[in-house]
Amino acid sequence: MSALTTDAPRKQTGGRKKSKLGWNLLGLLVFVVVGFPLYWMLDTAFKPAKDAIDPNPSLLPTGITLDNFRRALAIADFWGPVGRSLIVSLSVVVIGIVVGLLAALAISRFAFRGRKIVIVGILAVQMVPLVSMIIPVFLLLNDLDQYDKLSGLIITYLTFILPFTVWTLRGFIVNIPKELEEAAMVDGCTRTGAFIRVVFPLLAPGMVATSVYGFIQAWNEYLYALMLLSQEHQTATVWLGNFTTKHGTEYAPMMAGATMMAVPIVVLFLIVQRKMAAGLTAGAVKG
């Protein structure tokens, strides 16, 4: 009887180890599949140009060179498009966070007529394919004298980034208990003061995550930047199109350009990685 009782926990422990090993292998497989394109981009960016078009490419680096980066910078102006992309992306993030936060606060904390219609409208806007709005956006910006201007592109990006910002921030605000604001107001704070001192610090992770999403969307967007801006005012994503010529695609310089374009995103993640966590309000109010 004692042997049976001791064997049961051993079998359970062995089953847990096998299950853990299986999940670890699955996670490793997902990591390899997701990370391989990034590895291939870096490998192609640093390998000699002739190896990039080899019909039998090697998975391991065959050589390291910086000529592709020099070629990428020589094909067309790099810093101009990158600077314009930074201006557009940062403007979209700042305006989107300010407007989105106020809208999300109104929707989540105040009851007003048509509130549900506004929420449904936000969801409906996100379901509209961006491609279907190119012609209306072009005509509207042309009538407003905003065609081929960065301000017009910023307004365009806000139309599809702002609904997501409002919806996401609303979810974070709803998860913050109202009792925290009420307790601060009982202690003498105004509603604005309670929001700034209590709610705003707890909302910081949600604002950071939303800002990162908005920045990435604006930074990587290609179609509207191509259609609404001339070659003189092109952004970084359109700049990458210069590597496709009538003679073919220069893959090694293109991957070098893509690597340089990925640097701001990587830096942004390194800066805000500690803030990108949810659930800071868990357990703030008990009972």
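## Overall make-up

Of the 287 residues in the protein chain, 34% are buried, where buried means under 20% relative accessible area, exposed means over 50%, and partly exposed lies in between, with a 1.4 Å probe and protein chains only. This is a predicted model, in which local features need pLDDT of at least 70 and side-chain atom pairs count only at pLDDT 80 or more, while totals for chains, interfaces and linings use all residues. Residues are numbered from 1 along each chain as its sequence is written, and side-chain values use heavy atoms, with hydrogens and water left out.

The protein chain holds 12 helices and two strands. Helices (H or I, at least four residues) and strands (E, at least two) are DSSP runs, numbered from the N terminus. Read from the N terminus on, the order of elements is α-α-α-α-α-α-α-α-α-α-α-β-β-α.

## Helix packing

Helix 4 (residues 79-109) and helix 7 (residues 150-174) have axes that come within 6 Å and cross at roughly 40°. That makes helix 4 oblique to helix 7. The contact of helix 4 with helix 7 involves 22 nonpolar, five polar and three charged residues. In these classes, Ala, Val, Leu, Ile, Met, Phe, Trp, Tyr, Cys and Pro count as nonpolar, Asp, Glu, Lys and Arg as charged, and the others, Gly among them, as polar. The crossing of helix 4 and helix 7 is right-handed. A crossing is right-handed if the near helix is turned clockwise from the far one by less than a right angle, and left-handed if anticlockwise. Axes here are lines fitted to C-alpha atoms, for helices over the stretch in contact, and angles run from 0 to 180 degrees between N-to-C directions. Angles under 35 degrees count as roughly parallel, over 145 as roughly antiparallel, 65 to 115 as roughly perpendicular, and the rest as oblique.

Helix 7 also packs with helix 9, at an angle of about 160° and with the axes 10 Å apart. Helix 7 and helix 9 are therefore roughly antiparallel to each other, and helix 7 passes helix 9 in a right-handed crossing. For helix 8 and helix 9, the axes come within 9 Å and cross at roughly 135°. That makes helix 8 oblique to helix 9, and their crossing is right-handed.

## The largest pocket

The largest pocket contains about 230 Å³ of space. Its lining consists of 14 residues, and Met41, Asn220, Ala258, Met261 and Ala262 are the ones nearest its centre. Pockets and cavities are found on a 1 Å grid over the protein atoms alone: a cavity is a set of points where a 1.4 Å probe fits but cannot get out, a pocket is an open set with protein on both sides within 12 Å along at least five of seven lines, and lining residues have an atom within 4 Å of a point. Grid points are joined across faces, edges and corners, and a volume is the space filled by probe spheres set on the points.

At least two lining residues of the largest pocket come from each of helix 1 (2-46), helix 9 (191-220) and helix 12 (251-272). Helix 12 gives the most, with seven residues. By class, the lining of the largest pocket has 11 nonpolar, three polar and no charged residues.

## The cavity

The count comes to one cavity of 30 Å³ or more. The largest cavity has a volume of about 40 Å³. Helix 4, helix 7 and helix 9 are the elements that give two or more residues to its lining. Helix 4 provides the largest share, four residues.

The residues that line the largest cavity are Val92, Val93, Gly96, Ile97, Ile161, Thr165, Thr210, Ser211 and Gly214. They divide into four nonpolar, five polar and no charged.

## Loops on either side of helix 7

The loop between helix 6 (134-143) and helix 7 holds aspartate 145. Phi of aspartate 145 is near 60°, a positive value in a residue other than glycine. Aspartate 145 counts as exposed because its relative accessibility is 52%. Aspartate 148 is placed in the loop between helix 6 and helix 7, and its phi, near 65°, is a positive value in a residue other than glycine.

Asparagine 175 lies in the loop between helix 7 and helix 8 (178-186). With 55% relative accessibility, asparagine 175 counts as exposed. Asparagine 175 and serine 108 are 67 residues apart in sequence, and their C-alpha atoms are 9.8 Å apart in space.
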